[in-house]
Amino acid sequence: MSTAQVPPVTSIGVPRITAGYDEYGRLDLQAHQEVHGGFAALSSGELIGLTDRIELRGRGGAGFPFARKVRAVIDSCKRQDLPPVIVVNATEGEPPSWKDKAILTRGPHLILDGAALAAAALDAEEIVIGVADDGIGQNSLMAALAERKMPCPTRIVTVPHRFISGEGGALVRGINGEAHIPPGRKVRSSDNGVMGLPTLLSNAETYSQLAIAARLGPWEYNSVGIPEEPGTVMLTVGGASSAPAVVEAPSGTPLMDVLTMCGADIGPGLLVGGYHGKWITAEQAKTVTISRKGFAKVGGTLGAGMLIPIGSKTCALGEVAQVVQYLAGESAGQCGPCRLGLPDLARAVTLVSLGGSALEQVRQAAGLVKGRGACSHPDGTSRFALSALEVFQKDVEAHANGEGCGKQTKGILPLPYTAEKGARKLALDWSRCDGHGLCSAVAPEIIRLDHNGFPAFPQTPLPPWLEDGARKAVNVCPALALRLIDPAASAH
C-alpha cells in the first residue's frame, strides 16, 4: 500500500497509535497484533466507564465527550426500540490535515478495532466508514477489512473531498444517498442518523484512541499526558516547516518542542486548529502546551490538531485572502450567511490584502454571518479571518499605506485547487493596460484599482468559483491587456 502522499510520521515520547510505523511501514493484521496485542470485548457499561475515566473526547475538532455520545445513542435505541449504527468519520476534508489519513494508510486495524469494540458493546446493526474520494487510505482500509472478521456488516462509503463533506451531518446525509452537505437544521445523529437509526459518529483517531485504551486500561492510559486531558494527541505540522510531519505527542508537551522538531519557521503567526481555527502570535506560541486548555489560554483552539506556521517568506494577507476565498467557495449555499455573507467576507479580506481600507467591511461581514448559519462553517470562517487581521496587524498597516510587505503569496496554506490541472491565474500585460477600470467593475471580488487607477489582484491560482468572474473581466478589457494563464506556464 503506497503511503507516498502522506507526510512522514514521528512521535515525541513512546508512540501509541503510531507504534510499529518505523519498523513495519504499514501494519497488516499480523504486524498489528505483534505490536498492539489483543483486547477483550466490552459491555456498553464498560465502554462508557472506560471512556469516562480516560476523558476521551472526539478528535475531529469539536472535542465532544465520547461517553456522552454513547449514552445518547443507548438512550435513543431504548426509546425507539431500534439498533444503532457505528460511523467512522475518516474523510478529513480539510486541506492542511493528514493525521487520520496517516492512520488509515499505516495503521488501519487500530481504527477497525475501535469501531468493532463500539459495535459489539452496542450490538450495532452495521459499521460504516466514510473516506474521501481522493483515494488516500482507501486501499489500505479495504485490505485490512479483508484480513479480519468484524462483529457486524462493515462497509466503506466515499464522499467528495471537500471541506464541508466531513461535517458529521453532511457525512450522514452522504451515507444515506443525499447531497454531501450539512443538513439545513440541527439533527442529532444519536436520534436519527444512518438509515434513520441512532448513530454513534466519531472520527478515525477517536476510535484508534479507544482501541489503545481498551488494551491498556484507564490507569496505564492516563499515565501519559496531563490529568485533565490524558493520553497522546495526533498533530499535523505543515506550512512553513522544513520537515512537515504527522506527530504523536503526549498532551501537555510544549508546543515549541513539536514545532522545533519539524523545523517550523513561525514568522509573524501560527494557525492552530485548521481553517476553522485561530491565528496566534509567535510569542504566544512559546507559552502554549499541547492541550485544549493550553491553546484556550492564548485564545486558540486545538481543533483537529493542525499546526500551520505562516513563515517569514510569504505574504501573510495574501495567504489568508486565498483561504477565505476557498472557504466561501466551499459553502453548501443553503443559507444566507454562507451563500451571501461568506463571499462578502472574502471580497473584503481580498481588498485588505490588496491594500484597500476595508477593515471595517471585514468586521461587518464577519459580524453578519456569526451565529446565523445552518452549520458552523460561517462562524469558523469568520474566526479565521478576524484572528488573522489581529495577528498580522503590521502587515495590514503596511499594505494600507501603499508600502506593502514586499512578499509574494507562495501558497504556504495548502488549497486543493492549486494542485488541480487547469487551475489558472490572472496576468496583466502592462504595455497594453490603459487603466480603463472596466475589469474591476465586472469582477470586484478579484480585481480592485490601485491608487493610480490600474488593476491589482492576487498573484495566486484562482479558486474555481472565481473563474467565471475572471473570464468576464478578461472579455471586457478593451486593450486586451488582461488574460488567464496556467500558473505552470507563468513560471517559465
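The structure is a predicted model, and a search of the whole of it finds 18 salt bridges.

**Helix 3 against helix 4**

- Two packed helices are described by the angle between their axes and the distance between the axes.
- The axes of helix 3 (residues 44–53) and helix 4 (residues 66–80) come within 8 Å of each other and cross at roughly 155 degrees, which makes helix 3 roughly antiparallel to helix 4, since angles over 145 degrees count as such.
- The crossing of helix 3 past helix 4 is left-handed.
- On the helix 3 side the contact is made by Ser-44, Leu-47, Ile-48, Thr-51 and Asp-52, and these meet Phe-66, Ala-67, Val-70, Arg-71 and Ile-74 of helix 4; by class, the contact has six nonpolar, two polar and two charged residues.

**Helix 5**

- Helix 5 (residues 99–106) is mostly covered, with eight of its eight residues buried.

- Arg-79 forms a salt bridge with Asp-191, and the closest N and O atoms of the pair are 2.9 Å apart.
- This pair links distant parts of the chain, 112 residues apart, with Arg-79 in helix 4 and Asp-191 in the loop between helix 8 (168–175) and strand 5 (199–203).
- Arg-79 is exposed, at a relative accessible area of 56%, whereas Asp-191 is partly exposed, at 27%.

**Salt bridges within a helix**

- An α-helix has 3.6 residues a turn, so residues three or four places apart point the same way.
- In helix 14 (residues 336–353), Arg-347 and Asp-344 are three residues apart and therefore separated by about one helical turn, and their side chains meet in a salt bridge of 2.5 Å, N to O.
- Both partners count as partly exposed, Arg-347 at 27% relative accessibility and Asp-344 at 39%.
- In helix 19 (residues 464–476), Arg-471 and Glu-467 lie four residues apart, about one turn of the helix, and form a salt bridge whose closest N and O atoms are 3.2 Å apart.
- Arg-471 is partly exposed, with a relative accessible area of 32%, while Glu-467 is buried, with a relative accessible area of 14%.

Note on methods. Residues are numbered from 1 along each chain as its sequence is written. This is a predicted model: local features need pLDDT of at least 70, side-chain atom pairs count only at pLDDT 80 or more; totals for chains, interfaces and linings use all residues. Side-chain values use heavy atoms; hydrogens and water are left out. Axes are lines fitted to C-alpha atoms, for helices over the stretch in contact, and angles run from 0 to 180 degrees between N-to-C directions. Helices (H or I, at least four residues) and strands (E, at least two) are DSSP runs, numbered from the N terminus. Angles under 35 degrees count as roughly parallel, over 145 as roughly antiparallel, 65 to 115 as roughly perpendicular and the rest as oblique. A crossing is left-handed if the near helix is turned anticlockwise from the far one by less than a right angle, and right-handed if clockwise. Contact means heavy atoms within 4.5 Å. Ala, Val, Leu, Ile, Met, Phe, Trp, Tyr, Cys and Pro count as nonpolar, Asp, Glu, Lys and Arg as charged, and the others, Gly among them, as polar. Buried means under 20% relative accessible area, exposed over 50%, partly exposed in between (1.4 Å probe, protein chains only). A salt bridge is a side-chain nitrogen of Lys or Arg within 4 Å of a carboxyl oxygen of Asp or Glu.
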